[in-house]
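Visitor: I'd like to go through the side-chain interactions here. Can we start with the aromatic rings?

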Amino acid sequence: MRETEQYLIDVAYPYWEAEAEIARRFFRAKPTGEQHVYWLKAQLWKELHPVDGYFSGLHRELANLVEMFPEVDRTVDRHHYHGLMEQMVQEFNHYVLQADILEYLLGRKIGAEDTNQLPQEKALGELRRSLVAGSPVQKAAVLVTEGGGARLFREGRKLKGSVLERKIAAAMEVIYQDEKNHYRVAAQEAAAAVANKRDLKAMKRAIERVSLQRVHMRNEMFQYPLSAEAVKRCVARFHRPV
């Protein structure tokens with residue numbers, strides 16, 4: 001099982017590092033306030049509306065918690081319920097931290113209209129939902145791709161300098177610490193769905209499809225620090241033999 005988990009992580013790894021490279025290039029280029037507003041609006045949309053077949057967006061997930069509450073210690077384990085509540089608090093805090101930065105940039109209160117779903121994010125959601133609705137192996141594969149290995153937050157936490165950069169770094173430090181080990185848990189759950197080599201091959205393909213689309217999503221969010229050819233080279237550079 002552990003060998004399979006590592007295999008799945010190795011499949012996703014070069015795409016995670018491509019996301020990291022996109023973030024590094026963007027931040028090193030000393031982006032304008034307008035460029036920061038652009039990616040923050042897109043990221044805030046992702047924080048509020050991650051509807052992918054596993055997660056139904058903060059509003060729906062909170063409603064689900066309310067509906068589940070009467071069943072605590074009946075049909076719902078209290079520890080499981082507590083874990084779900086903690087996850088919701090973390091996820092909403094991630095939105096709050098980044099929304100505060102956007103308000104700082106705009107100099108005004110923000111609203112729902114200040115979030116923006118970009119085309120590559122829409123395509124990513126559609127792909128993820130199609131796989132979740134497919135075979136159990138495809139559904140499990142989507143778990144491994146969640147969050148892109150927290151690479152955006154790993155890079156953002158390193159920022160230093162201006163007040164804005166320090167604000168971004170502080171927010172991303174919190175998010176990174178919350179999410180940095182999610183991929184290990186996801187790989188463990190996904191590996192349990194693999195029964196044979198055919199399953200593993202199908203899962204590998206699904207991970208690659210979603211992970212590549214995640215790279216396109218990040219590249220669009222940060223206004224294309226990498227060309228299409230540079231994306232291919234970056235993925236190839238971090239490729240691990242699997």
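Guide: A ring pair here means rings of Phe, Tyr or Trp (its six-membered ring) whose centres lie within 6.5 Å. By ring pairs, F26, F27, W39 and F222 are linked into a cluster. Keep in mind that this is a predicted model.

Visitor: How many aromatic pairs does the structure hold?

Guide: There are nine aromatic pairs in the structure.

Visitor: What is the geometry of F26 and F27?

Guide: The ring centres of F26 and F27 are 5.4 Å apart and the planes are at 70 degrees, so the pair is edge-to-face.

Visitor: Are those two buried or exposed?

Guide: F26 is buried, and F27 is buried too.

Visitor: And F92 with Y95, what kind of pair is that?

Guide: That pair is tilted, because the planes of F92 and Y95 are at 35 degrees; the centres are 5.8 Å apart.

Visitor: Where do F92 and Y95 lie?

Guide: Both are in helix α4, residues 78-106. F92 and Y95 are three residues apart there, so about one helical turn separates them.

Visitor: How do F92 and Y95 come out on accessibility?

Guide: F92 has 43% relative accessibility and so counts as partly exposed. Y95 has a relative accessible area of 15%, which means buried, since the cut-off is under 20%.

Visitor: Which charged residue sits over the ring of Y104?

Guide: K167 does; its charged end is 4.9 Å from the centre of the Y104 ring.

Visitor: New topic. Where is E47, and which side chain of opposite charge is nearest to it?

Guide: E47 is in helix α2, residues 33-48. The nearest side chain of opposite charge is R218, 7.0 Å away. E47 is buried, yet it has no salt bridge.

Visitor: What polar contact does the E47 side chain make, then?

Guide: The side chain of E47 has a polar contact of 2.9 Å with that of Q98.

Visitor: What else is E47 in contact with?

Guide: Setting aside neighbours within four places in sequence, E47 is in contact with L58, E91, H94, Y95, Q98 and F153. Y95 is the residue from the tilted pair with F92.

Visitor: On to salt bridges. How many does the structure hold?

Guide: It holds 16 salt bridges.

Visitor: Which one does E21 form with R24, and at what distance?

Guide: In the salt bridge of E21 and R24, the closest N and O atoms are 2.7 Å apart. E21 and R24 lie three residues apart in helix α1 (residues 2-28), about one turn of the helix.

Visitor: And R25 with E21?

Guide: R25 and E21 also meet in a salt bridge, at 2.9 Å from N to O. These two are four residues apart in helix α1, again about one turn.

Visitor: How accessible are E21, R24 and R25?

Guide: E21 has a relative accessible area of 10%, so it is buried. R24 is buried as well, with 15%. R25, at 40% relative accessibility, counts as partly exposed.

Visitor: What about R108 and D114?

Guide: R108 and D114 form a salt bridge, with the closest N and O atoms 2.8 Å apart. R108 is partly exposed at 40% relative accessibility, whereas D114 is buried with a relative accessible area of 4%.

Technical notes:
Residues are numbered from 1 along each chain as its sequence is written. This is a predicted model: local features need pLDDT of at least 70, side-chain atom pairs count only at pLDDT 80 or more; totals for chains, interfaces and linings use all residues. Side-chain values use heavy atoms; hydrogens and water are left out. Rings of Phe, Tyr and Trp (its six-membered ring) pair if their centres lie within 6.5 Å; planes under 30 degrees apart count as stacked, over 60 as edge-to-face and the rest as tilted. Buried means under 20% relative accessible area, exposed over 50%, partly exposed in between (1.4 Å probe, protein chains only). A charge sits over a ring if NZ of Lys or CZ of Arg is within 6 Å of the ring centre and within 35 degrees of the ring normal. Lys and Arg count as positive and Asp and Glu as negative; His and the chain ends are not counted. A salt bridge is a side-chain nitrogen of Lys or Arg within 4 Å of a carboxyl oxygen of Asp or Glu. A polar contact is a pair of N or O atoms within 3.5 Å; within protein, one must be able to donate a hydrogen and the other to accept it, and residues adjacent in sequence count only if both atoms are side-chain atoms. Contact means heavy atoms within 4.5 Å.
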